[in-house]
Amino acid sequence: MSVLDQLLVFAFMTGAVASFIGDRRFAGTLLAILYFGQFLLLVKLAPLGYGAQPVVSAWQPALFGEVLVWRMDALGWYFALITVVAGWLVTWYASGEWGQGYRERGGNLGLMHTAVAANVVAMLLLLSSGNLLSLFVGWELVSWAGFLLMVMNGRESGGVSGPAGLRYITYATLGAMALLAALAIAHHASGSFEYIDLIDAVDQMTGPTRVSLVIAFALAFTIKMGLLPFHLWQAPAYAYSPGPGGAFLGAISSRVGLWGLAMVFGSLIGIGRIAGIELIPGWFDLRDVFMWVAALTIVLPTFTALRQNDARLLLAWHGIGQGGYMLLGLAAGDALGTGGGLMHVLNHASYQAPLFLAVFAVMHRTGTSDLNRLGGLVARMPLTFLVMLIGIIGLAGLPPMNGFVSKYLVYISLLRQGEPLLFILAVIGTLGTVLSVFKLLHNTFLGQLRVEHMEVREAPWSMLIPMLLMASVVVVTGTAPGLVLDWVASAQAALGLPVLDHTLGGAAGLDMLWVSGVLVYGFAVGTLLFLSGNKSRRVHQFDNYAGGHFLTAENQYQYSDQFYAGLMHHIGGWYRASFTWAESVVIASVDAMSAAANGFFRRTQAVFLLLLATLGSVAWLLWGVGS
Amino acid sequence: MNDFPLPVRAERSNPLARVFDELIDFCRARSMFMLHYCTGCGAIELPPAMTSRFDMERLGIQPMVTPRQADILLITGYVSIKTLKRVILTYEQMGSPKYVIGICSCTVNGGMYWQSYATAKKLNEYLPVDVYIAGCMPRPEAVIEGLRKLMGEIKAGRANSWERYFREYDRYLAAQQNLFGPNWQTPTDIIGEARDYQLYGPGTEGRHTELLQQHQVPLQPLRMTLHSDVEKSS
């Protein structure tokens, strides 16, 4: 029994424990310990992150003559580490007061623990899949485990989570069908489900087969990632999941799509071959499509996030936008870009999870995540504020947090490859992120404390410690990104991508040890100046300037509604429900197709439809012969 | 121009202190943030004074958006009773040293609103005013001239009338209560600040501050805390 087997068995055991005793009072603590056990087993697998050979599972069941292979390589280990740590910390978060509160509000705590554990198991199975068949099994498990977590919060979300989850599973089924199609194409071309055979077979494929394969894989994985134009399901589905579950989903769940794309871009098909598929010869190829989709995925969802008034939705929309950075880096294809893209997965998880948890801590204490009904909580929840502050600096991609490092690598890669427009889009996305995360922080914690929140207390330690641990990851890996870049370089090597040349302080001329050092010294100088100056006087929050207005408890000074009124005056007109419209177009065309099929089978316009189908097939075949 | 005598700066025994005082006064005179409280028509002369033609920034004077960071409170035009309450609130929120400039005849003596029942006539009855710039309206040259005069006074160490508000608070409060009624109050604790600046004098407290303290609700600052039961806020 290899360590991988132990890990999978341990994860199954955690799930079993969660499903049997998940609703007991001590269950959260026990589960957190079990997750920590999984984490220790992953630490035992740590040589994978430093270039060791993949670990193969002894458990290889056969199914109709095909073998399901489980094998964990450096890439899988990297993602698995993020998954298990996220699962561990969110379960810890739910183990104390939050879990009791959830149960008192009528939530099924046992089911939530089970769902999180099921997600972790499913993702571990997927990430350690060793051939296409086990990949498909893992993929379906991840989809359904995510669905379970999304739809279980119906009562607390006011009935919103159910439809959101159904929408997700519709999209996910489409993705699974696409993956099945990709498997069929791959099996047809190579005669087996092994990765190695597929890699060999890709060279012999005709153009259309290869395009079909890329499109089928890409469809499956981009839907899970929530890339444009398949992003509409993600924000409500994640935002209305039960607190820790939502944090887990937002942190890592949709990144398995990126994991899949990394396999496709890296080992299975290769970014070079994808770049060889020219749509407009000499000017625009399939790789450019991925890069532009990624860049638009950065910009549009980020500015949608800017408009949200619910903190959870705001964060969930950012999760979609941050996926764009990862894909943009990955599609850039060089050592810097893929390194930045893969590193962004860990970075994103490390700040998105504590941000979600901080929002849920505020909800736990105040009962709302409506950004127009909060404010001034820094005086009552200073540690939660600290967590959110670190998180949003990371999310905005500013030094000295880790989000800066990965975004920097992606930027440099784009500049070196001569992609100024994509670079500008990425920077615009960052600008939108800065604006909207400031809105999040300001409307929740800054400004004036409301009368009804005067007696609010800081979140309990059972919630604070996991949040602070995650926030410390943001700071530590921001100061010493080389810790993560070691694993990223091993993942790149496992994928057959160019390997990032890096130091402890960073790569591409960036040394975060210096940057963080300078910032710390700057703060130290500022602190000395502050301490050496005159004594400051604290004043009451109503002793504040509001254009000369007298402030009272009934009439406070707090901007929150229409936070960026001036900006919205300029760009507000660009927000149209165009994607909702596009979705309805897809639905209408599916309707039309089914009507056509109906007509075909009932022979109402049989000859005409047969003619159309024949023409289409002939055109496809001719293209295949021609290339 | 003031009804009250100017306070005199105490002699310093340390000869170096004088050097530092002069240096500080020089720096103060050369970098001033101005909060303009534009109440009436005189405001129209400020944009040319601030922008490229007359350019008050070459003198080191810039607009500022909050009173906490501002040095000059510049009041243009007539001050109605309702406005005056806001002006006093704003003035009290400024950190010392602070200077007040009244622009236009209305701030000097009510101007064309002399017979109005709703307008405060003399601004310096309610606040210590450093410089008046008369005229209806004064041209930008006159505004700049007034600012230069204030700069000269600061540099010479004579622009100390803000200290008077702390030393003679009872008399200013008397005028304010006379106009606004006995229930008048602002959130700022002037007497505490007078002690803080070591400007507490025999005129700081009196009959009128007693009246104020009878109904004033003290506002405790909001402290950062992990457990709110440590402090029951007002």
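Start with one pair of residues: B:Met34 has B:Pro63 as its bridge partner in strand E2 of chain B. That pairing belongs to an open sheet of five strands in chain B, in the order E2-E1-E3-E5-E7, paired in the parallel sense. Keep in mind that this is a predicted model: local features need pLDDT of at least 70, side-chain atom pairs count only at pLDDT 80 or more, and totals for chains, interfaces and linings use all residues. Residues are numbered from 1 along each chain as its sequence is written, while chains are lettered from A and ligands numbered from 1 in the order in which they are written.

**The sheet in chain B**

- Strands here are DSSP runs (E, at least two residues), helices are H or I runs of at least four, and both are numbered from the N terminus; two strands pair if DSSP finds at least two bridges between them.
- At the edges sit E2 (61-63) and E7 (131-133) of chain B, each pairing on one side only.
- From one strand to the next, the twist averages 25°, with axes being lines fitted to C-alpha atoms (for helices, over the stretch in contact) and angles running from 0 to 180 degrees between N-to-C directions.
- E1(B), residues 32-38, runs parallel to E2(B) and is joined to it by three bridges.
- E1(B) also pairs with E3(B) over five bridges, in the parallel sense; here B:His36 has B:Leu74 as its partner.
- Five bridges link E3(B) and E5(B), again parallel, and B:Thr76 stands opposite B:Ile103 in E5(B).

**A buried strand**

- Five of the five residues of E3(B) are buried, so this strand is largely enclosed by the rest of the structure. Buried means that 20 or more other C-beta atoms, placed from the backbone, lie within 10 Å of a residue's own.
- Both faces are covered: B:Ile72, B:Leu74 and B:Thr76 are buried on one side, B:Leu73 and B:Ile75 on the other.

**Helices on the sheet**

- Helix H3 (residues 81-93) of chain B lies across E1, E3 and E5 of chain B, at about 165° to E3(B).
- Helix H5 (residues 140-155) of chain B packs on the sheet too, touching E2, E5 and E7 of chain B, and its direction makes about 170° with that of E7(B).

**A helix pair in chain A**

- H15 (residues 311-332) and H16 (residues 335-366) of chain A pack at about 170°, with axes 7 Å apart.
- H15(A) and H16(A) are therefore roughly antiparallel to each other, the label for angles over 145 degrees.

Key:
Two residues are in contact if their C-beta atoms, placed from the backbone, lie within 7 Å. A residue is buried if 20 or more other C-beta atoms lie within 10 Å of its own, exposed if 12 or fewer, and partly exposed in between; C-beta atoms are placed from the backbone. Angles under 35 degrees count as roughly parallel, over 145 as roughly antiparallel, 65 to 115 as roughly perpendicular and the rest as oblique.
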